[in-house]
Amino acid sequence: MDGSDWWSYEYKQPSHSTYCRETCQKEYMECLKATGQHPVEFLGTNEAIEWLKRHRTELLVGAVIVVAGVTFVVVSAGAGVLILAPLAII
């Protein structure tokens, strides 16, 4: 597949996960590298909480955060409140 038919993958099916991991994620990581950015990962929740407190104005809805191997997505809870939702429930 050349990337133009990404929409043909059924969400949360093994083929969708494989496509995202092997195609989209690689391109995303290349983009980060090209722009001098890097993903942030945390080994524990305390470290993540402290980082989030220091960077709360920089967070974007949809940002992915990995804490101790668990993937979370930043979502809006309304009234300017941001929460971390486990990726599995989204």
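Modeller: A quick definition first: two strands pair if DSSP finds at least two bridges between them. Helices (H or I, at least four residues) and strands (E, at least two) are DSSP runs, and their numbers start from the N terminus.

Biologist: Where do the numbers come from, and what is left out of the side-chain values?

Modeller: This is a predicted model, where local features need pLDDT of at least 70, side-chain atom pairs count only at pLDDT 80 or more, and totals for chains, interfaces and linings use all residues. Residues are numbered from 1 along each chain as its sequence is written, and side-chain values use heavy atoms, with hydrogens and water left out.

Biologist: OK. How many helices and strands does the protein chain have?

Modeller: Two helices and four strands. Along the sequence they follow the pattern α-β-α-β-β-β.

Biologist: What order do the strands take in the sheet?

Modeller: The sheet is open, in the order E1-E2-E3-E4, with mixed pairing. E1 (41–42) and E4 (82–86) are at the edges with a single partner strand each, so one side of each has no neighbour in the sheet.

Biologist: And which way do E1 and E2 run?

Modeller: They run parallel, joined by two bridges. Phe-42 stands opposite Val-67 in E2. Between the two strands the chain goes through helix H2 (residues 45–54), and this β-α-β crossover is right-handed. Right-handed means that, with the strands pointing away from the viewer, the path from the first strand over the helix to the second runs clockwise.

Biologist: What about E2 and E3, parallel or antiparallel?

Modeller: Antiparallel, over four bridges, with E2 at residues 64–67 and E3 at residues 70–76. Ile-65 has Phe-72 as its bridge partner, and Val-64 has Val-73. The two strands form a hairpin with two residues between them, and Ala-68 in that turn has a positive phi of about 50°.

Biologist: Switching to H1. How far does H1 reach from its first C-alpha to its last?

Modeller: It reaches 29 Å with 21 residues (14–34), close to the 30 Å expected at 1.5 Å a residue. That expected span is 1.5 Å times one less than the number of residues.

Biologist: Where is the kink in H1 centred?

Modeller: On Cys-20, with a kink of about 35°. The bend at a residue is the angle between axes fitted to the seven residues ending there and the seven starting there. After H1 comes Gly-36, with a positive phi near 75°.

Biologist: Which residues of H1 are buried?

Modeller: His-16, Tyr-19 and Leu-32. Buried means under 20% relative accessible area, exposed over 50%, and partly exposed in between (1.4 Å probe, protein chains only). Buried residues make up 19% of the 90 in the protein chain.

Biologist: Which residues make up the largest nonpolar core?

Modeller: Nine residues: Phe-42, Ala-48, Trp-51, Leu-52, Leu-59, Ile-65, Val-67, Phe-72 and Val-74. H2 gives the most to this core, with three residues. A nonpolar core here is a set of buried Ala, Val, Leu, Ile, Met, Phe, Trp, Tyr and Cys residues joined through side-chain atoms within 4.5 Å.

Biologist: What is Trp-51 in contact with?

Modeller: Val-40, Phe-42 and Leu-59, leaving aside neighbours within four places in sequence. Contact means heavy atoms within 4.5 Å.

Biologist: Last one: is Thr-71 buried, exposed or partly exposed?

Modeller: Partly exposed, at a relative accessible area of 26%. Thr-71 lies in strand E3. Not counting residues up to four places away in sequence, Thr-71 touches Val-64, Ile-65, Val-66, Ala-85, Pro-86 and Leu-87.
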